[in-house]
Amino acid sequence: MQNSRTPQIAIVDLSKDAQNICSQIKEACETSGCFYIKNHGIPEEIIQNAFTQMNRFFALPVEIKQKCIEDNRFGRGYTSFKSQNVGELMGRKGEPNDPLEKFAMGNMDPFPSDEEKLLDDKYKSQWCPNVWPDQDLPEYRVALESYYRNCQGLAKRILSFFAIILQLPEDTFVKELSLASHSLKCNYYPALERGTHQIRIAEHTDLVPLTILAQDESKGGLRVRLKSGEWVDGDPIPGTLFINIGDLMSRWTNDIWVATVHKVIVPEKKEGEAQVIPARSSIAFFVVLNPESIISCIPSCREASGGVDKYPPIHYSDWLSERLQRMNHPPY
Ligand SMILES: O=C(O)CCC(=O)C(=O)O
Ligand SMILES: [Fe+2]
């Protein structure tokens, strides 16, 4: 695929000086909620190995993959083909299920605090155990755990830039991750006969503050809606990762920052292309906050909105469970 770069989505070079980085990210967060990052520090082999192993996992016989279906309430392990309906999760009715399979994992480290807390549902649901196909594909776990750790570090760097932009102490958001287990989700979209589906994942916003998205090269299909309403391509660009903010960052900033509306479509057939479109893979790292973090309007955003808070302060866990319940969705 030609890299038809979309000029409206910035490529932020993380090797530049902080002022340059922050002004690009600020502009992006206010107009589309998304941007690419390059020189992000995650070694390419780690990203490529995560894709290699995930593609091996999804190529396993379905009976083996199904051994990784754990307790679906907690959103860990394998979700079989076409068993999710993102449109419904967003409150829309009548859309077909999305033609993809998923695998999700969370933090693999021991819980970094008093174990008693784990009896509390709001911690239990974040820190539930991962489920791995260790007997059939032990390399899968190694590859994803390594990518997870790298994303954890990168998320902290990006959140530090967010804090600077929003005129807060640099560690403001990072402090809110100390007891959080994030969610890393592999999406596998099998090859499709053209004409059977137009959409690979339905239009949605992510709930979390921030998502780091890696797409396998050459496939395309990610579409992003700008604040102006225009839809543009978010095709993969070699050497970059795609960052988008979700509903929580929007709430925190009094809606000054835009939660990126996005979807994955089946790209139109170009001359000479086959009737079957190839499989596509992506890996989304959803940044999750401490259950007891309080989300209240950021002072600089209140000031920029004439002193008015659009939303009352709320604990992260209450906000999330209210949203997830409304959507009948397993926790992140
Ligand atoms: O596959 C993609 O590129 C996007 C996936 C996505 O939006 C999600 O998992 O929330
Ligand atoms: Fe998404």
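Biologist: How many residues of the shell around ligand 1 are nonpolar, polar and charged?

Modeller: This is a predicted model. In it, the shell around ligand 1 splits into 5 nonpolar, 4 polar and 2 charged residues.

Biologist: Which residues surround ligand 1?

Modeller: The residues around ligand 1 are Lys-185, Asn-187, Ile-201, Asp-206, Leu-213, Gln-215, Leu-222, His-262, Val-264, Ser-282 and Ala-284. Two or more residues of this shell come from each of strand 5 (183-189), strand 8 (210-215), strand 12 (261-265) and strand 14 (280-287).

Biologist: How do I read a sheet?

Modeller: Strands in a sheet are joined by backbone hydrogen bonds, and the pairing is either parallel or antiparallel. Here, one open sheet has 4 strands in the order 7-12-9-10, paired in the antiparallel sense.

Biologist: Why is one side of strand 7 and of strand 10 left without a neighbour in the sheet?

Modeller: Strand 7 (199-204) and strand 10 (231-233) are at the edges and have a single partner strand each, so one side of each has no neighbour in the sheet. On average, neighbouring strands of this sheet are turned by 25 degrees against each other, direction ignored.

Biologist: How many bridges link strand 9 and strand 10?

Modeller: Strand 9 (residues 222-225) pairs with strand 10 over 3 bridges, in the antiparallel sense. Opposite Val-224 stands Val-232 of strand 10.

Biologist: What span does helix 6 reach from its first C-alpha to its last?

Modeller: Helix 6 (residues 138-165) has 28 residues and spans 42 Å between those atoms, close to the 40 Å expected at 1.5 Å a residue. Gln-167 follows helix 6, and its phi is positive, near 60 degrees.

Methods:
Residues numbered from 1 in each chain as written. Chains lettered and ligands numbered in written order. Predicted model: local features only at pLDDT ≥ 70, side-chain atom pairs only at ≥ 80, totals over all residues. Pairing = 2+ DSSP bridges. Axes fitted to C-alpha atoms, helices over the stretch in contact; angles between N-to-C directions. Near = placed C-beta within 6 Å. Nonpolar A, V, L, I, M, F, W, Y, C, P; charged D, E, K, R; others polar. Expected span 1.5 Å × (residues − 1).
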